[in-house]
Structures are given as C-alpha cells and as structure tokens.
Amino acid sequence: MLTVSNISKSYGEVRALNGINFEVDRGELFGLIGPDGAGKTSLFRIIATLLLPDSGDVSFDGHDVITDYEFVRKNVGYMPGRFSLYQDLSVKENLEFFATIFNTTVQENKHLIEDIFKQLEPFQNRRAGDLSGGMKQKLALSCALIHKPTMLLLDEPTTGVDAISRKEFWGMLQRLKKEGITIVVSTPYMDESKLCDRVALIQDGAIMDLDTPSGIVNRFDKTVYKVTGNNQYQLLSKIRTMDGVQNAYPFGSSLHVYGSPELNLSGRLDEHFPDADIQVEIIPADIEDTFMNLMTRDHE
Amino acid sequence: MNKAITANKLTKKFGNFIATNAITFDVDKGEVFGFLGANGAGKTTAIKMLTGLSRPTSGEATVAGLDIYRHAEQIKQQIGYMSQKFSLYEDMTVSENIEFYGGIYGLKRSEIRERGGKSLDQLSMTNVRNHKVNSLPLGWKQKLAFAVATLHKPGIVFLDEPTGGVDPITRRQFWEMIYQAAEEGITVFVTTHYMDEAEYCNRISIMVEGLMVACDSPAALKSLHNASSIEEVFIKIARNKE
C-alpha cells in the first residue's frame, strides 16, 4: 500500500531524515514511535505530498507521491500534529468545508465517522476553537476521514492528551482498521506501540528497528531485572556503579536494570543493603526498555 | 511552617463555569507533588491562582507562607515556573536566556555567572552556550528550562507538563533533576500525562471536572483502588465520575 524508499531530508545543516525505508501493507495499523525531533513530521509531510524529499521515493498504491500527487491527495487523509482546523468555524462548518473541498458531502460518508460524530453532535454549533482537547482531536479525525480515504496519516494524535482520551482514540482507530482503512500513526508514547500491527522505532531521523511489537521486544538480548525498594534514588545510584550492570532506569514504582543473566543482582543488593526490603524479579522487556537500549547503542 | 503550599476551598469561576471547585490540599516543604487530571479538569487554572497570575473567586491559599491575595507579587519571587509551551526565548542563545532570567529574578552578575556556569556544566551544555535555543533538541531545551526556572533557588518550582514529547531517556534524566532539586529542599509541583511518572512523586492528586477527587501517596491510592498502576487508578477514578 505504501512504500518508502531511502528517503532523506535536510534543513540546512540539520539532517531530519536519513535514508528511511519501510513498507505498510493494506489494512495495516502501522506505528512510527519516537520522541519530538525524531523526524516523524517531516516524513508525514513527504508522504502527504506537502514536502519534497532531498532524495528517495515514496509510492502510495502504486502512485508516486511527487508526480501523481493529485491521486495521493484524493485518497489519503492527513491529520497534522498541530490542530489545523478553522478555529472560528463551528464543528458543522468545518466538516462541511472539508467535505466540499473533496467534492463530497458529510451525508455521503457519514457511516465512517458515525461513532465519533455522535459524540460531537451536541457541540455542532460550537466554534472549533472553543472545544476541549479531546473533542478537537475527534473533530480533526472526522475531517481527515470525510472524503473516505483508503489511508490515514495521523501525526501524534494523542500528544498532550490525557490517559482516558488516549484510550478512546485508540479504540476509534481499531474500528477504522476494521473498515479496511490503512493507518500510519506516530506517537511519542511508547506504550501505544502495543496497539499497532507493526512499528518502526525512529530516532534522529533513522529507523532503529522495525517489526511487530512482540518481534521487537523478543530480539532484546539483555536480561531485565525489575527492582523494587524503598529509597529508589539511592538504590539507582548504587546499582549504576555495580560491575556488569549495563544500564539502569526508573520505571514508575520500580527500577529496570539491564545486564547479563549471571548478574546475581538480588544477592549483591542484599549484601549492600542488608536491612532494606528489596525485591528483584526478572521480567520480559517492553518497548520502552528496547527503545532506550537502542538509543544508547546508537550513540556509542 | 512546614507547608510549601496550602489551599482551602480554592475556587475559580468563569461566568457559570466552575473551573476549579473548592479544592483543599497542602504540599509539604521538599515534597515532589504530582498534580494530575484529564484535559480541562482545571489544573492550569489552579496553577495560575497559586502562582499569582489569576485571582481566585473564593477560598484561601498560601504559597511559601504568603497569602495569594495580598502577596501575589512576593510569591512570584519565591517560585520558579516552567511550562511545556513557553519557557525560553527561542531566538536568544543559551547564555542569553540564563542572563535574562537571572536578571529578572534579581541575581547579581557574579551569581548568574557562577550558577549559570555550574548548570551548563551539569547539563553538559557548555559547548552550546552560544547556540540559539531554537537549534537545540526538545529534551535539551526542557532540561535547560528547568535549570533556568531554579537558578534563583526558589522554595517551590511549578512544572506544567515538562516532559511531553521528550524521548524516554531524557524524560528520566529530567526526573533525576527533579529528585536532585527535591534533595536540595526545593518543593516540586508537577503535572504530567505520563502515568508512570506519577509514581515518582511523594504524593499525587487527581482532579476531575474542577474537583480534587483524590490526594495521597501513589502506593496508598493503588491499594485503595485495588489497582496495579497509577494509570489504572486514574482511569477508574475519572471514569466513575462520568
């Protein structure tokens, strides 16, 4: 459905994208996972025909995004990272505007946005600028869907959004996927990668790894020790000085420590802190463990 | 006086809309206090009242022992503030930002030089001191903004979503800076949408539609709601209110 080959883009001396390659299958929910400044937005803009790459090719459904940009624009729905709707048009007016631009009507494709539309309906006459964050995001998604695109490009739709609205938004994406729409979505929230079919981990303009979420974590070659104790900060400082520990980071209420299976972390910690109640447990890696270790590997 | 912040039925109305509805809580000196809530729950309004930027409709509050009605201006000198959206001047250099903020907070030239130099050293940013802020990666900017917000050694620092969009390693380095500040006795008042970060706080509060519906240590909230993570607690609490 989408083929990105060797895409590079620089702004002056800053290399935003450095030889990006990936493919997205029809009907797939594909995630670009990475922090701000990784190059996600440049990549979306190139795919959406809004920015020219310095080199490389992108084809969508067999059409080149540069020479055949009209086909791409007709069949792709793009939701930019920043709220891009008309703030002083109402909810209804925004939807009608986007439908008209694409030579269609709200009525014609209403089934696609039905779920979301129900939630927006009470606010139909409110100005877009006056909507809450979660509602703005729902309206933006509706506007990106109104011309019945075969592929959706969603640039950080959940950034700055609270945990509940994020959950709801991913629920909507799962329903759209069932309708057969191909979705490419970017996010800085590592935990959201679990909800994608496949993900690319992106950092400093390059893809560090690309696979199914379970494929990526299964490749992780270090043992992850989950350490829980009372004084986390003290514990962390000590662990970082221990031989054989490759890295250690706080993870919510516990610490994650990376090293070899022969680390004997539990025994050594008991020696250092004989009076403390410290629990050590070996756990499977998650995407965030993997991401951070790939980052440090790439920097070395 | 061991309280950095006290709030008693603090309320702000905009017309008929009650943005912050009689919230009562306090924050101990040196505490890392997480201020959580859904979008539009009233967090920003509350922070604006506590930082002396917005006058409450009713209720009382003190910050650093100062009354928010009578001493709003003095409060501003006792606190540091950093927001995700705006905290540094993008087209000034790193050094210029430090000098500018140091000057605003009334530090002497020698103090600015000494503390600024130390901060840059700790952040490993001495070599980019003459770079414009807009050329730095987001994570660096946020760490620098935190250093700038604490340059005048405030008693309390307010951090409004300081880690949004920041990469996972820098996010953790940022929290280490928070811990360091707390060890030096600075009280930290922080908002975040990353629920794992809530676990790093001594206590957290959760706001839903203007009301403060929970305020306790992460461990106590998890056991009260029979949840394994703060994310679970947050979703249970906020869903129940709907």
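Okay, one definition before anything else: buried means under 20% relative accessible area, exposed means over 50%, and partly exposed is in between, with a 1.4 Å probe and protein chains only. Hold on to that for B:Glu31, which is buried with a relative accessible area of 7%.

Some ground rules. This is a predicted model, where local features need pLDDT of at least 70 and side-chain atom pairs count only at pLDDT 80 or more, while totals for chains, interfaces and linings use all residues. Residues are numbered from 1 along each chain as its sequence is written, chains are lettered from A and ligands numbered from 1 in the order in which they are written, and side-chain values use heavy atoms, with hydrogens and water left out.

Let's start with chain A as a whole. Its C-alpha atoms fill a box of roughly 70 × 45 × 35 Å along the principal axes. The chain has 300 residues, and 53% of them count as buried. It carries 10 helices and 14 strands; helices (H or I, at least four residues) and strands (E, at least two) are DSSP runs, numbered from the N terminus.

How do the strands E2, E1, E4 and E5 of chain A go together? They form an open, antiparallel sheet in the order E2-E1-E4-E5. Two strands pair, by the way, if DSSP finds at least two bridges between them. At the edges stand E2 (14-24) and E5 (63-64) of chain A, each with a single partner strand, so one side of each has no neighbour in the sheet. E4 of chain A, residues 55-60, pairs with E5(A) over 2 bridges, antiparallel. If you want to find that spot, look for A:Ser59 standing opposite A:Asp64 in E5(A).

Now, salt bridges. One counts when a side-chain nitrogen of Lys or Arg is within 4 Å of a carboxyl oxygen of Asp or Glu. There are 24 of them over all chains. Take B:Lys3 and B:Asp26, with their closest N and O atoms 3.7 Å apart. B:Lys3 lies in strand E1 (residues 3-14) of chain B and B:Asp26 in strand E2 (residues 17-28) of chain B, so the bridge ties together parts 23 residues apart in sequence. B:Lys3 is partly exposed at 28% relative accessibility, and B:Asp26 is partly exposed too, at 29%.

Then back to B:Glu31, as promised. Its side chain meets B:Arg203 in a salt bridge, 2.6 Å from N to O. This one links distant parts of the chain: B:Arg203 is in strand E9 (residues 203-208) of chain B, B:Glu31 is in the loop between E2 and strand E3 (32-37) of chain B, and they are 172 residues apart. B:Arg203 is buried as well, at 19%.

One more bridge: B:Glu197 and B:Arg171, 2.9 Å from N to O. B:Glu197 is in helix H7 of chain B and B:Arg171 in helix H6 (residues 168-183) of chain B, 26 residues apart. Both are buried. Which residues join this network through shared partners? They are A:Glu288, B:Arg171, B:Arg172, B:Asp196 and B:Glu197.

B:Arg171 has another contact: it lies over the face of B:Tyr194, at 3.8 Å from the ring centre. For a charge to sit over a ring, NZ of Lys or CZ of Arg has to be within 6 Å of the ring centre and within 35 degrees of the ring normal. In chain A, the charged end of A:Arg166 sits over the ring of A:Tyr189, 3.6 Å from its centre.

That brings us to rings. Phe, Tyr and Trp rings (for Trp, the six-membered one) pair if their centres lie within 6.5 Å; planes under 30 degrees apart are stacked, over 60 edge-to-face, and the rest tilted. The structure holds 19 aromatic pairs over all chains. A:Tyr189 and B:Tyr194 have ring centres 5.0 Å apart and planes at 45°, so this pair is tilted. A:Tyr189 lies in the loop between strands E8 (182-187) and E9 (198-203) of chain A, and B:Tyr194 in the loop between strand E8 (187-191) and helix H7 (195-198) of chain B, so the pair joins two chains. A:Tyr189 is buried at 3%, and B:Tyr194 is buried at 6%.

Finally, B:Phe25, B:Phe33, B:Phe35, B:Phe158 and B:Phe189 form one aromatic cluster. That's my tour, thanks!
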